[in-house]
Amino acid sequence: MAFVKNDVEIKNEIKELLFDKHVEYIANHGNDKNDFEYCMTEFLRMSGIYWGVTALDIMNQLDKIDRLSIIEFIKQCQCPITGGISPCIGHDPHILYTLSAVQILCIYDCLNEVNVKAIAKYVNSLQQPDGSFFGDKWGEVDTRFSFCAVAILALIDKMESINIEKAVNFVMSCSNSDGGFGSKPNAESHAGLIYCCVGFLSITDQLHRLDCEKLAWWLCERQLPSGGLNGRPEKLPDVCYSWWVLASLTIMGRLHWINSEKLEQFILSCQDNETGGFSDRTGNLPDIFHTLFGLGALSLLGGNNNLKKINPTFCMPEYVIERCNIKPKSIVI
């Protein structure tokens, strides 16, 4: 055979959401400070907290973790010089972890606990003359950071802090002939980066710049016979792409282009029926990252009444976005 499609065989067929096990898994995540995984993931601790807080909130179980200690942790991670927020105490600030911190604070409705003006100034300091954004002082450019910038500023109501027109022009310069987007101009299309760029255009009210038909077909072609979605051609399916692809299609009004039933079966098969949590694909060990995006994708699919509605642009509970009076755009067809 000249062409073999990478895929997985679903052996662990779980037909229902293991709700209580997931709550326990998330609530206990990080409790053992001597755990190998905990020690090795210090560099992304802030995002780990965001994944857990958001997952518990859409499960209506936010009271299972300590709100006050999380807020205090975030306050200690804000740099008094730059205004940015780091992944962990003693680390350098970065736009990725600044967004995670702002998302957590919005969920807890306590943005006033940090210096919001300093955050806006930090984001502004990262924009470059071509409209792109550095992730931090070391100068990496990526369309993920463009999304982070506008998401942060929308959540703190400081969109005027950057040059939106230049930011939009840079993101559009990263579009490809297949309708997708890469990390920078001429980089390969990737579902995670497509989500970032579609989300960016949703926040900046520029969705009309997309070739939605072409892009939506590219995204739908990510679905494999197993029902799972991959991020690029020839790659294995992964639960996290259930979120990146579905959220992008939802924003573009084309969620119905995916086989939802088969995708749901794939996502449910990635649950750990002993410990709780979701893995990247069936049979692997669970982690907090894939647990949020598995639950988020199930919320978008709408088949589980135990999950709150999630906003596809911000990956936050819809009620939080409404409370913040933010109106990211979407296409209705």
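User: How far apart are the centres of the positive and negative side chains in the protein?
Analyst: This is a predicted model, in which local features need pLDDT of at least 70, side-chain atom pairs count only at pLDDT 80 or more, and totals for chains, interfaces and linings use all residues. The protein has 29 positive and 40 negative side chains, where Lys and Arg count as positive, Asp and Glu as negative, and His and the chain ends are not counted. The place of a charge is taken as NZ of Lys, CZ of Arg, CG of Asp or CD of Glu. The distance between the centres of the two sets is 5 Å.

User: What share of the 333 residues is buried?
Analyst: Buried means under 20% relative accessible area, exposed over 50%, and partly exposed in between (1.4 Å probe, protein chains only). By that criterion the buried share of the 333 residues is 59%.

User: What part of the accessible surface of the protein belongs to carbon and sulfur atoms?
Analyst: Areas come from the Shrake-Rupley method with a 1.4 Å probe, and for residues only the protein chains shown count as cover. The total is about 14700 Å², and the carbon and sulfur part of it is 49%.

User: Which residue caps the N-terminal end of α8?
Analyst: Helix α8 covers residues 164-173, and its buried residues are A167, V168, F170, V171 and M172. Their cover includes α7 (143-155) and α9 (191-203). At the N-terminal end, a side-chain oxygen lies 3.3 Å from the backbone nitrogen of E165, and the capping residue is N163.

User: Which backbone oxygen lies 2.9 Å from a polar atom of the T143 side chain?
Analyst: T143 is in helix α7 and is buried, with a relative accessible area of 1%. Beyond four places in sequence, its contacts (heavy atoms within 4.5 Å) are F170, C174, G182, S183, L193, C196 and C197. F170 is 27 residues away along the chain, with a C-alpha separation of 8.6 Å. The backbone oxygen in question belongs to G182.

User: Which side chain joins S189 in a polar contact of 2.8 Å?
Analyst: S189 sits in the loop between α8 and α9 and is buried, at a relative accessible area of 4%. A polar contact is a pair of N or O atoms within 3.5 Å; within protein, one must be able to donate a hydrogen and the other to accept it, and residues adjacent in sequence count only if both atoms are side-chain atoms. The contact of 2.8 Å is with D178.

User: Which side chain makes a polar contact of 2.7 Å with that of Q271?
Analyst: Residues are numbered from 1 along each chain as its sequence is written, and side-chain values use heavy atoms, with hydrogens and water left out. Q271 is in the loop between α12 (260-269) and α13 (288-301) and is buried, with a relative accessible area of 3%. Its side chain reaches the backbone oxygen of E16 at 3.0 Å. The side-chain partner at 2.7 Å is H22.

User: How far is C270 from L285 in space, C-alpha to C-alpha?
Analyst: C270 lies in the loop between α12 and α13 and counts as buried at 2% relative accessibility. Residues it touches, beyond four places in sequence, include V239, G277 and F278. L285 is 15 residues away in sequence, and the C-alpha distance is 9.0 Å.

User: What is the phi of E234?
Analyst: Most residues other than glycine have a negative phi. D205, in the loop between α9 and α10 (212-220), has a positive phi of about 60° and is partly exposed, at 43%. E234, in the loop between α10 and α11 (239-251), is partly exposed at 42%. Its phi is also positive, near 80°.

Terms used. Helix = DSSP H or I, 4+ residues; strand = E, 2+ residues; numbered from the N terminus.
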